[in-house]
Amino acid sequence: MKKFVSLMLALALALSLCGMASAAEDGKITIWTWDPTFNVAAMKVAKEMYEKDHPDVEIVIEEVLSEDIETRVITAASAGDISNLPDIMLCQDNSIQKFVANYPEVYADITGKYDFTDFAEGKLAYSVVDGKNYGVPFDAGTVVATYRTDYLEEAGYTIADLTDIDWDRFIEIGKDVKAKTGRPMLSGQAGAIDTVLIMMQSCGSSMFNEDGSVNFVNNESCRKVLEYYKTMVQEGVFIEVNTWDEYCGTLSNASVVGTINGCWILGTIMSVEDQSGLWGLTNMPAMPGVEGATNYSNNGGSSWVFTNGTDLDLALDFMQMYRNVDFYNEILPSTSAIGTWAPAKEGSNYTAGNAFYNDEPIFATIVEYTAHVPAVTTGAYYYDAREALGTALTNYINGGDLDSELQTAEDTINFAMGF
């Protein structure tokens, strides 16, 4: 009798487990992402292409704001029930380390389950936590330097003069251009430190050490970057504005010569149709005197992450779309979403000349730049460190002592980290 009861219990457990498996593996993929003209639009193309060969698979794409996705993850993890989370979510690259570290039960380890060959190392590094892969890279935040060629010509320069240069040469050219045209070379939002972090990453430097500890005081690259940034501001080569809208305005109303930012800024630049043909694109300056410094960096971008307890194999099979030249080629004209998978540059829309940029194949160029971006550690306290360094920069520009400002910033983050 006892054996019979045990057998029935075992059978009931087996049936229960089978039921759980079928519920998870239901042939349906749910995706959360934001921005209907960018990420959502790209996913709709992937869905359409995948469903042609997989008519039995249902793919549901839900538009959810980035901050709402993060809130829902926190709520689900706190409640101990992640069943209402989707199979696939978009996550900002700079947030992945924090969320995987804080909510490991939510995110699936996909190490060895997906082929990451030909994804740019600098991009892939954002979704690698403790040596394990947690995300499939998507859009590039690859940094471009883009300038009005007519203003450069007025001052006696071309895009070639600003290619593969260092910051010393850039400041020299910038001062000359300012004297001859009355326009600063660059602009940026005060305290936002995007330009500072762009310059640091080009050196292969981060606000954090590999072990996750904050890295300000003994970070020579950081120190040099802040010094060069202050010099540019003081020389009038770089002007600071108060808001993001004002920054975009400096580009659209031609009050600056150009910008150095993530390639997504091209959407803003190319929205001003009467400036078509007046822009050129190249790589950013490198930091002189820093071993291993490059002319390449990144600013922004997102990756696709996966939740535990889902039909992971199906979700990953669907994500093979992100290793497909035709997919990237299809989404480029309508979304301007530039892939970080190197073979994407082979697509006809990548290799085609862009009228806004004097018929140069700028998208293929950007994918090539992506392959050279140094990989850096972002850390779980990325946004806290960013705020602290922004405060240090503002105080330093206004006359503060650099050593003490960096020490205060490092102490602030150490306190937040519990050290």
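Buried means under 20% relative accessible area, exposed over 50% and partly exposed in between, with a 1.4 Å probe and protein chains only. This is a predicted model: local features need pLDDT of at least 70, side-chain atom pairs count only at pLDDT 80 or more, and totals for chains, interfaces and linings use all residues. Residues are numbered from 1 along each chain as its sequence is written, and side-chain values use heavy atoms, leaving out hydrogens and water.

**View A. Helix 2 and its cover.** Helices (H or I, at least four residues) and strands (E, at least two) are DSSP runs, numbered from the N terminus. In helix 2, the buried residues are Asn39, Val40, Ala42, Met43, Val45, Ala46 and Tyr50. Their cover includes strand 1 (28–33), strand 2 (58–63), strand 3 (88–92), strand 12 (302–306), helix 12 (312–318) and helix 13. Contact means heavy atoms within 4.5 Å. Helix 2 (residues 39–53) has 15 residues, which should span 21 Å at 1.5 Å a residue; its end C-alpha atoms are 22 Å apart, which agrees. The expected span is 1.5 Å times one less than the number of residues.

**View B. Asn329 in helix 13.** Asn329 lies in helix 13 (residues 325–335). At 14% relative accessibility, Asn329 counts as buried. Asn329 touches Gly347, Ser348, Asn349 and Tyr350, leaving aside residues up to four places away in sequence.

**View C. The buried side of helix 7.** Trp167, Phe170, Ile171, Ile173, Gly174, Val177 and Thr181 are the buried residues of helix 7. They cover an arc of only 165° around the axis, so they sit on the same side of helix 7. The arc is that of the directions from the helix axis to the C-beta atoms. These buried residues pack against elements including strand 7 (143–148), helix 6 (149–155) and helix 9.

**View D. Helix 7 against helix 9.** The axes of helix 7 (residues 167–181) and helix 9 (residues 220–234) come within 11 Å and cross at roughly 5°. The two helices are therefore roughly parallel to each other. Angles under 35 degrees count as roughly parallel, over 145 as roughly antiparallel, 65 to 115 as roughly perpendicular and the rest as oblique. Trp167, Asp168, Phe170 and Ile171 in helix 7 meet Tyr228, Thr231 and Met232 in helix 9.

**View E. Helix 8 against helix 16.** Helix 8 and helix 16 (residues 382–397) pack at about 110°, with axes 10 Å apart. That makes helix 8 roughly perpendicular to helix 16. Axes are lines fitted to C-alpha atoms, for helices over the stretch in contact, and angles run from 0 to 180 degrees between N-to-C directions.
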